[in-house]
Amino acid sequence: MSRTMTTYRFWIVGLWLSLVSALFSCRDTEPFANDPQGNFEALWTLMNEHYCFFEYKDIDWNDVYARYKPRIRETMTNEELFSVLAEMLAELKDGHVNLVSPFDMARYWAWYETHPTNFDMELIDRYYLNRPDYQIAGGIKYRVLQDANIGYMYYGSFSSAVGESNLDYILAAFSSCDAIIIDVRNNGGGSLTYVDRIAGRFTNEDRVVGYIRHKTGPGHDQFSDYYPVTLNTAPTNRIHYQKPVAVLTNRHCFSAANQFVSVMSLLPNVVQVGDTTGGGGGLPFSSELPNGWSVRFSASPMYNANKEQIEFGIAPYPENRADIGDISLGRDGIIEKAIEVLKKKIAR
């Protein structure tokens, strides 16, 4: 099966699951009144039947109901209701969970806010990319680190488009380099299409890189079998790179960036350097409460190639852990660690 067919298959499955989720959501919310109690019941029930990580995170959702229901009053304002519902959703500790009203968006950011930043774009621009000399192709900034003969590319968001021609130009510029650093720190995710497109340049064979499951019923343990997610190597007329590669990570790598690290870590020429990623291993879907507020939540868990959860992030091997260090010295400790690791791989 071609790489394009695999990508389309993945998105067709996602579309089908989205439609199923929408049907469930209609069933859930129609019986509930458009008042504070009705919207509370609709949200709790929606999550109870379709959120996918209750068992994995050991969350007692019935206990959550018992604690939050007494706080709902018929006379409360929309702002007061929103505050209570947002607090209830924060019990899930999930960056993919949002409640959106016309006046606010509930979000859970503690998955990275309580951890070291380990990233400074100004430092990278000045000392590694040598602003303004670096090049930009699609959403990627890149240049050769001359002192090390290592290609460096920074990709800040999987929502930024990267075309096949962009990757050809970048890899052509790095063709004589001994290794490449792909920096996805502070990448909060985006489109899985670009995960497949970029990672496909660093393998010469198709391989199963993970699995996905979907809910088959309202029970917290009701899931389908594991469906494989396949990474296909890029077409032979595109430039591939098979020398050593380091992927740089911090806690702000989330969702599609987390999936990218999971995929790349499977490739024999790739090493992860830095900090544990932020996670975000649930494929998100959206629904709506009776009052029109939208709800986004993790509905389908994604796994690595060993069928292990990646919701809480992916850690580098202990010997490859690093932090940014003292930025006043004009050096990024994670980039420097990656250069050190890559030089050892090159010397073998």
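**A guided reading**

User: Which residues does Asp168 touch, leaving aside those up to four places away in sequence?

Analyst: This is a predicted model, in which local features need pLDDT of at least 70 and side-chain atom pairs count only at pLDDT 80 or more, while totals for chains, interfaces and linings use all residues. Residues are numbered from 1 along each chain as its sequence is written, and side-chain values use heavy atoms, with hydrogens and water left out. Taking contact to mean heavy atoms within 4.5 Å, and leaving out residues up to four places away in sequence, Asp168 touches Arg201, Arg238 and Ile239.

User: Is Asp168 buried or exposed?

Analyst: Asp168 is placed in helix α8, residues 164-173, where helices (H or I, at least four residues) and strands (E, at least two) are DSSP runs numbered from the N terminus. Relative accessible area under 20% is called buried, over 50% exposed and in between partly exposed, using a 1.4 Å probe and protein chains only. With a relative accessible area of 14%, Asp168 is therefore buried.

User: How far is the backbone nitrogen of Ile239 from a polar atom of the side chain of Asp168?

Analyst: A polar contact is a pair of N or O atoms within 3.5 Å; within protein, one must be able to donate a hydrogen and the other to accept it, and residues adjacent in sequence count only if both atoms are side-chain atoms. Between the side chain of Asp168 and the backbone nitrogen of Ile239, the distance is 3.1 Å.

User: What kind of aromatic pair do Tyr142 and Phe174 form?

Analyst: Rings of Phe, Tyr and Trp (its six-membered ring) pair if their centres lie within 6.5 Å, and planes under 30 degrees apart count as stacked, over 60 as edge-to-face and the rest as tilted. The structure holds 20 such pairs. For Tyr142 and Phe174 the centres are 5.9 Å apart and the planes stand at 80°, which makes the pair edge-to-face.

User: Why is the pair of Tyr226 and Tyr303 counted as edge-to-face?

Analyst: Tyr226 is partly exposed, at 26% relative accessible area, and Tyr303 is buried, at 5%. Their ring centres are 5.0 Å apart and, because the planes meet at 65°, the pair is edge-to-face.

User: Which residue lies over the face of Tyr226?

Analyst: A charge sits over a ring if NZ of Lys or CZ of Arg is within 6 Å of the ring centre and within 35 degrees of the ring normal. At 4.5 Å from the ring centre of Tyr226, the residue over its face is Arg213.

User: With which side chain does the side chain of Thr233 make a polar contact?

Analyst: Thr233 is found in the loop between β8 and β9 (245-249) and, at 18% relative accessibility, counts as buried. A polar atom of its side chain lies 2.5 Å from the backbone oxygen of Thr203. The side-chain partner of Thr233, at 3.0 Å, is His240.

User: How many residues of helix α10 are buried?

Analyst: Helix α10 covers residues 256-264 and is largely enclosed by the rest of the structure. Among its buried residues are Asn258, Phe260 and Met264, and the count for the helix is nine of the nine.
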